[in-house]
Amino acid sequence: MVEMATQVGTAAQPRAPLSRQRVLSAAVALADEGGADALSMRRIAQALGVVPMALYKHVAHKNELLDGMIDVLVGEIDPPVGDADWKTAVRLRVLSARRMLLRHPWAPAVIESRMKARSAPTPALLAYLDSMIGIFRAGGFSIDLVHHAMHVMGSRLLGFSQELFEEGSDGEPDPDALPPEEMAARYPHIAELAMAVAHDEESVVGSGCDDQFEFEFALDLTLDGLERLQGAA
């Protein structure tokens, strides 16, 4: 009897109601496992234990799903640090955004694609950018300099940047690549730089190509330049 009562009590426990937040959280978790390209309403429904049609009450289509996922990720970025100068506040927030994107490596491509497709950023992204502009303005930046600062910072405000020298992700050799000797003869300066990095020679900013170091180096260089311009103004 006790066993039956336990089973009945367990079966009677209500399941958490489906909500937009649950749908988006499940989608983010699935993207973390297999990338955004592997997302489908069917897979999200399976993860939540519902039929796919139930999801459409909360997200109308795939693009709305992706926009909602972006807002979930932006919500993971730390709020501004109180009583910090503008430079420290911006730096800490940008590095928080970078930590968020390192947890969700599929996110930069989704953010870029949706930013190009939409007429305006998503609501949470708009609020984040508005807050960053507010930090610059509170730090004494003219609205004109803020305009330039936002352009200069670019995607680095969201924790990533388009890396010119990023290596291919699959590591496959390029069949059209020139032999090393011909490469060095045609492009001596590129060859010199490649050899310096490969041999980990002493550098004025650090050794090798460490993604985090290079990101922070560019971030600090940008903030130092903005600080100089803000002071001159």
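This is a predicted model: local features need pLDDT of at least 70, side-chain atom pairs count only at pLDDT 80 or more; totals for chains, interfaces and linings use all residues.
Residues are numbered from 1 along each chain as its sequence is written, and side-chain values use heavy atoms, with hydrogens and water left out.

Val51 is found in the loop between H3 and helix H4 (52-55), helices being DSSP runs of H or I with at least four residues, numbered from the N terminus. At 54% relative accessibility Val51 counts as exposed, a class that begins over 50%, whereas buried means under 20% and partly exposed lies in between (1.4 Å probe, protein chains only).

Helix H5 (residues 62-74) has 13 residues and reaches 19 Å from its first C-alpha to its last, close to the 18 Å expected at 1.5 Å a residue, where the expected span is 1.5 Å times one less than the number of residues. Among its buried residues are Leu65, Leu66, Asp67 and Gly68, and the cover over the buried residues of H5 includes helices H2 (20-34), H3 (41-48), H6 (86-103), H7 (107-117) and H8 (123-138).

In helix H6 lies Arg93, which is buried yet has no salt bridge, the nearest side chain of opposite charge, Asp78, being 7.9 Å away; here Lys and Arg count as positive and Asp and Glu as negative, with His and the chain ends not counted. Leaving aside neighbours within four places in sequence, Arg93 is in contact (heavy atoms within 4.5 Å) with residues including Asp78, Tyr128 and Met132.

The structure holds 10 salt bridges, each a side-chain nitrogen of Lys or Arg within 4 Å of a carboxyl oxygen of Asp or Glu. In one of them Arg103 pairs with Glu76, the closest N and O atoms being 2.9 Å apart; Arg103 lies in helix H6 and Glu76 in the loop between H5 and H6, so the pair ties together parts that are 27 residues apart in sequence. Lys87, buried at 19% relative accessibility, meets Glu227 in a salt bridge (3.0 Å, N to O), a pair that links helix H6 to helix H12 across 140 residues.

Key
Helices (H or I, at least four residues) and strands (E, at least two) are DSSP runs, numbered from the N terminus.
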